[in-house]
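Student: I'd like to learn how to read a structure feature by feature. Could you walk me through one?
Tutor: Gladly. Let's look at it together.

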Amino acid sequence: MQTIKSPYNFRGGIHPAYNKKLSNGSAIESLPLPAVLSVPMSQHLGAPAKPCVKVGDEVKKGTLIGAQNGFISAPIHSPASGKVKVITDVATASGRPCQAIVIECDESNETEFLPPIENWQKSDKDDLLTRIGETGIVGMGGAGFPTKVKLSPPMDKPIDTVIINGAECEPYLTSDHRMMVEHAKEIRIGAEIIRSILGAKTLRIAIEDNKPDAIKAIEDAFQDIEGDVAIAVLHTVYPQGSEKQQIYAVTGREVPSGGLPMDVGCVVENTSTTFAIYEAVIKGLPLMQRVITVTGDAVQKPANLLAPFGTSYQDLIDACGGFTEDKPAKVISGGPMMGFAVSSLETPTGKTSSGLLLLSKKRVSQYSSQACIACGRCVEACPMNLIPSELSQFIEAEDIEGAEEIALMNCIECGSCAFVCPAHRPLVQHMRRGKAAVMAKRMAANAKG
Amino acid sequence: MKPENQPELYIISSSPHTHEGSSVERIMLDVLIALAPAFAASLYFFKLDALRLTGTCVATCLIAEWLCRKAMKRESSIRDLSAVVTGVLLAFNLPPSLPTWMAVAGSLFAITICKQIFGGLGYNVFNPALAARAFMLISFTGAMTHWSSSDWAASLASGAADAATGATPLGLIKEAVKTGASIPHFSTATIMKLASGNINGCLGETSALALLLGGAYLLYRKVITWHIPTAYIGTVFIYACILHMVSPATSALPHMHLLSGGLIIGAFFMATDMVTSPVTKKGMLIFGVGCGIITMLIRTVKTGSYPEGVSFAILLMNAITPLINRGCRNRVFGTKS
Amino acid sequence: MDNIILQSFAWIGLLGLIIGASLAVAAKYLAVKEDPRIGEVNELLPAANCGGCGYAGCAEYAKAIVMDHAEINLCAPGGTDCMNAIAAFMGVRATATEKMTAIVLCCGDDEVAKRRFAYNGINDCAAAHATAGGDKACTWGCLGYGSCARVCPVNAIRIEKGIAKVDKTLCIACEKCIAVCPRHLIKLVPAAAEIHVLCSSKDKGPAVKKACSTGCIGCRLCTKFGDEGAFVMDGFLAKVDYSIPITKEEVIEKCPAKCIVKD
């Protein structure tokens, strides 16, 4: 076990104001159980779960309420004991309506957990994978890809390196940071479980160098671990937490265009996900809650709250002392670079809700319809080496083929380009629009032939 | 975009929700700040003429910009300051004795024909100030090449200068190249004058020191990067060195090429115009080298008649910028070539 | 002096003759053989090049009519006159088509329909629709970012009070706006029809009312008071069956949501 400075630097990237001081010193607190939880059936990538309880049913903490619906999907469990009040549509953070089970919580605190797998080292790999699948674990960094699928690569793609992603490069967010400081031991066990499932020899914990206390905590917890294990200390640059950039920074390998991390023998798991794997295997807990950073200049007391899924943003804000005098002008689920702006405080949290950011009017930058002045700053900032200026102009001119030809589909939507654009062009929105058009075109072509 | 019809609504946009704080206006303001020392120098050397021409150009450009946007029924773009920058740069490329009405004509040409007809800032192919200068050079050849300061001519050691009409240092060199005479000798004192700007030439291009100060400010503010100026000036220098080594008698000293004419203002303020130069670093280097070679070809080839080639070099490279952009894309992460 | 001018004229003239001759030769020997009827049919078409027929401009359509015996009633801007002329020229029978016009089936302008949030981004309906589902509280209604107006080849669409309106007298029924609307609000209807249900919301009454005061709440009053079969229900949304002429205009008054409109 050693601590190494990451030898590789990806090209591009930006240095936003991190504003992590607002909340990185606040220890994780448990949110008092809200009276009502509206648990969305889509908290992951892929098909939404199918509700398997009826209105009026009594549920316990940990009861399966949404059944996995297909291969790329995940089950949903009740985060509290109570009664199913209604099953209705709610708007999730992404703005799309989705089915949600509304639970009226009671104080009985009855639980329905799975049996712990204490001796996990001796267990069958498939049993561990089944456990990860049935507890509904998905990537908690943002994408929400079902972890069981990620940990079951095909035989011809051997994995030699597991990277635990503790970069947390999004400004403002500190939930992963606090997890590493307070739960390093549990993360270690989770990481070992992942490593043994994949049979990987190398384990790296990637942390940006602006989190010395997290590095120290992880160093202490991983001290006596065996094998090729190291903490990779990364430069603080956004998007260091992006899978492709992180794999490059840690191993020097480039995930091929259109490929997946497993194509270069890597699997990257978020620290919160790793902690969830520990809880699922060692304690038998389904994924029902997570740490969410409530922060921004429009909230009284920024905090890292352990909140059950389905908590409304209003409840989180109330727990943090409400708004400051500057009322929020923008409410963001996630971080300021890749999070979603939401229109209502009734929006419920989910498995991928790493933060709730409230920005007052003076912190909100407006997009404009100015023309590109070809300054080339986006080209410098793009970590995928694309030409965002040109791409956005192609897409504006509806030349989708032209944009596709200059590698539009490689865009990871990290937002570095729009962050530096002096003309305040909504570049990421252009990319999304272009990508959607390409996907629609491909779907149509597939349907035809 | 849309006015809010219900004031308390939350703002929703695509990510990212934060910005580094730069803006087009700030970039243009930085360019104006960077041009301030050169303006001060031109005020010192050319007195009221500097004020007259700069004021005329800026005012005309602003009015033309406003009128064009109005006529095209588009949002006004006065506040982005780009018209002011065009006005100042155009004025800096005019001889001090130029009649006011010609400056007005040039400014109108710059804004309407070179900029707004293409769609405004961001859509223009050529640097408006330079294109207007080329237009004026062809339309008002006499007035555009008439230099009146006698201070410079008197200071020439060789006496080769035509004191009556006045000539720029490059004009003298070109004359010598064409006639096969030996290059006039410039004393150290002359070269000092070149650097400070006490010479014949356009308003803003004379004081190399003031321009370099402004260039340093632009680099410091990261408005421009080192690529284009370095490639441009470096190419001119190397080209001039080689010429001078091959034939010392018929070619000027390399530092004469660097300090005289519009090279410094061109390399730092004109070639680096964002809209009309490449977006990638590789492209910028090619652009700079291309500008350097064309400048030196125009300046030193015997059969040509123009003493100065900076404007045309940059305009020609502007024309092939889209091509450079096409050929100089970076290798996309995760791909082979 | 005269000599020089004469010489110049002579040279220019000679040059013109040589180039003209070579062009004539080229036109003769390098010509692409084409059915002459294509050109003539093209002449009969209105040269709007709107693409509404499904071909890339009038010339392509003319080619398709002559070479592939394409239907001759596809040209909306040309209308019946154009069709008859082509029919006479080609010696085929014309099947008359009714003149159609596009209409935006939404009357929820900014005075009556709420917005959920303040959208800030690309000025394009599809982009706005993809950002958190669009800012209009009604998920069916017109967003008003004018994508239809921008594709309209004859400027027949205006944005008024935050929603799109089609000018019937200008519309050539080319269907470009229909293709571009992310909410599929624009439909082709007979130009002669005067009474429309200007709402596309399939939501239930209470949900509609929450978002917009002129949305169809599915009360079915129009089916009772209107002409037999002229109004049909699609779930909670009333629609006009344009094959049935509407005589009882009192439905306009009866509609509690005021979304039945005569224009």
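Student: Into which domains is chain A divided?

Tutor: Keep in mind that this is a predicted model. Chain A is divided into domain 1, made of 2-24 + 115-283, and domain 2, which covers 377-448. Their C-alpha centres lie 29 Å apart. The contact between them draws on 12 residues from domain 1 of chain A and 11 residues from domain 2 of chain A.

Student: Which classes of residue are found on the side of domain 1 of chain A that touches domain 2 of chain A?

Tutor: That side has 5 nonpolar, 5 polar and 2 charged residues.

Student: Let's turn to strands. In which sense do strand 8 and strand 9 of chain A pair?

Tutor: Strand 8 (residues 82-91) of chain A and strand 9 (residues 97-105) of chain A pair in the antiparallel sense over 9 bridges. As one example, A:Ile87 has A:Ile101 in strand 9 as its bridge partner. The hairpin of these strands has 5 residues between them, and there A:Gly95 takes a positive phi near 95°.

Student: Which residue of strand 8 of chain A is the bridge partner of A:Glu58?

Tutor: A:Lys83 is that partner. The pairing here joins strand 5 (residues 58-59) of chain A to strand 8 in the antiparallel sense, over 2 bridges.

Student: Now a helix, please. Why is helix 15 of chain B described as largely enclosed by the rest of the structure?

Tutor: Burial is judged by counting neighbours: a residue is buried if 20 or more other C-beta atoms lie within 10 Å of its own. Helix 15 (residues 310-319) of chain B is largely enclosed because 7 of its 10 residues are buried. They are B:Val310, B:Ser311, B:Ala313, B:Ile314, B:Leu315, B:Met317 and B:Asn318.

Student: Which helices do the buried residues of helix 15 of chain B pack against?

Tutor: They pack against helix 5 (128-139), helix 13 (263-270), helix 14 (281-300) and helix 16 (321-327), also of chain B.

Student: Which residues is B:Asp49 in contact with, leaving aside its neighbours within four places in sequence?

Tutor: Those are B:Pro96 and B:Ser97. For another distance, take B:Leu259, 210 residues away along the chain: its C-alpha atom and that of B:Asp49 are separated by 22 Å.

How values were computed. Residues are numbered from 1 along each chain as its sequence is written. Chains are lettered from A and ligands numbered from 1 in the order in which they are written. This is a predicted model: local features need pLDDT of at least 70, side-chain atom pairs count only at pLDDT 80 or more; totals for chains, interfaces and linings use all residues. Two residues are in contact if their C-beta atoms, placed from the backbone, lie within 7 Å. A residue is buried if 20 or more other C-beta atoms lie within 10 Å of its own, exposed if 12 or fewer, and partly exposed in between; C-beta atoms are placed from the backbone. Helices (H or I, at least four residues) and strands (E, at least two) are DSSP runs, numbered from the N terminus. Two strands pair if DSSP finds at least two bridges between them. Domain bounds come from an automatic or database domain assignment. Ala, Val, Leu, Ile, Met, Phe, Trp, Tyr, Cys and Pro count as nonpolar, Asp, Glu, Lys and Arg as charged, and the others, Gly among them, as polar.
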